[in-house]
Amino acid sequence: MSMFTGTRRAYRGRGLALAVKLASINWAAANGITRLLTYNDATNAPMLAVNARLGYQPLGRRVEYLKDLAS
């Protein structure tokens with residue numbers, strides 16, 4: 001299972017993330033998978049746009065908290 005799609009900064013904006021996600025969707029469909037779940041950083045507008053373009057629907061907002069005990 002892959003959790004993230006990443007593209008090196010020098011190669012961004014060329015449709016690579018879209019191509020990889022499309023390949024994953026096509027593979028899943030060909031192998032009988034009927035539902036996919038993906039995660040996004042809420043501030044990553046390019047990936048939010050890719051996921052929306054591919055028909056992913058938001059399920060809600062995930063809130064995470066961190067407490068640093070070292071300070």
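Helices, of at least four residues, and strands, of at least two, are taken here as DSSP runs, and they are numbered from the N terminus. The structure before you is a predicted model.

Let me begin with the chain as a whole. Its secondary structure comes to two helices and zero strands. The radius of gyration is 15 Å, well over the 11 Å that the globule rule gives for 71 residues, so the chain is more spread out than a compact globule. The C-alpha trace spans about 50 × 30 × 20 Å along its principal axes. Of the 71 residues, 13% are buried. The chain exposes about 6,700 Å², and carbon and sulfur atoms supply 56% of that area. If we consider contacts between residues at least 6 apart in sequence, 42% of them join residues at least 24 apart.

Together with Ile33 and Leu36, Trp27 forms a nonpolar patch on the surface, and the accessible area of the three comes to about 310 Å².

Alanine 28 is also found in H1. This alanine is buried, with a relative accessible area of 3%, where the limit for burial is under 20%. Which residues does alanine 28 contact, once its neighbours within four places in sequence are left aside? They are Ile33 and Leu36. Both of these residues also belong to the surface patch with Trp27.

H2 runs over residues 45-53. Within H2, Met47, Val50 and Asn51 are buried. These three cover an arc of only 95 degrees around the axis, which puts them on the same side of H2. Ala52 and Arg53, on the other side of the helix, are exposed. What covers the buried residues of H2? The cover includes H1. Just after H2, glycine 55 takes a positive phi of about 90 degrees.

Arginine 12 is placed in the segment before H1. With a relative accessibility of 46%, arginine 12 counts as partly exposed.

Between tyrosine 39 and arginine 62 the C-alpha distance is 9.7 Å, and the two are 23 residues apart in sequence.

To summarise, we have a predicted model with two helices and zero strands. The cover over the buried residues of H2 includes H1, and Trp27, Ile33 and Leu36 form a nonpolar patch on the surface. Thank you for your attention.

Conventions: Residues numbered from 1 in each chain as written. Predicted model: local features only at pLDDT ≥ 70, side-chain atom pairs only at ≥ 80, totals over all residues. Heavy atoms only, no water. Patch = residues over 30% accessible without salt bridge, like charges linked within 9 Å, V, L, I, M, F, W, Y side chains within 5 Å. Areas by Shrake-Rupley, 256 points an atom, 1.4 Å probe, with all protein chains shown as cover. Salt bridge = Lys/Arg side-chain N within 4 Å of Asp/Glu carboxyl O. Rg over C-alpha atoms; globule rule 2.2 N^0.38 Å. Buried < 20%, exposed > 50% of the residue type's maximum accessible area, 1.4 Å probe, protein only. Contact = heavy atoms within 4.5 Å. Arc of directions from axis to C-beta.
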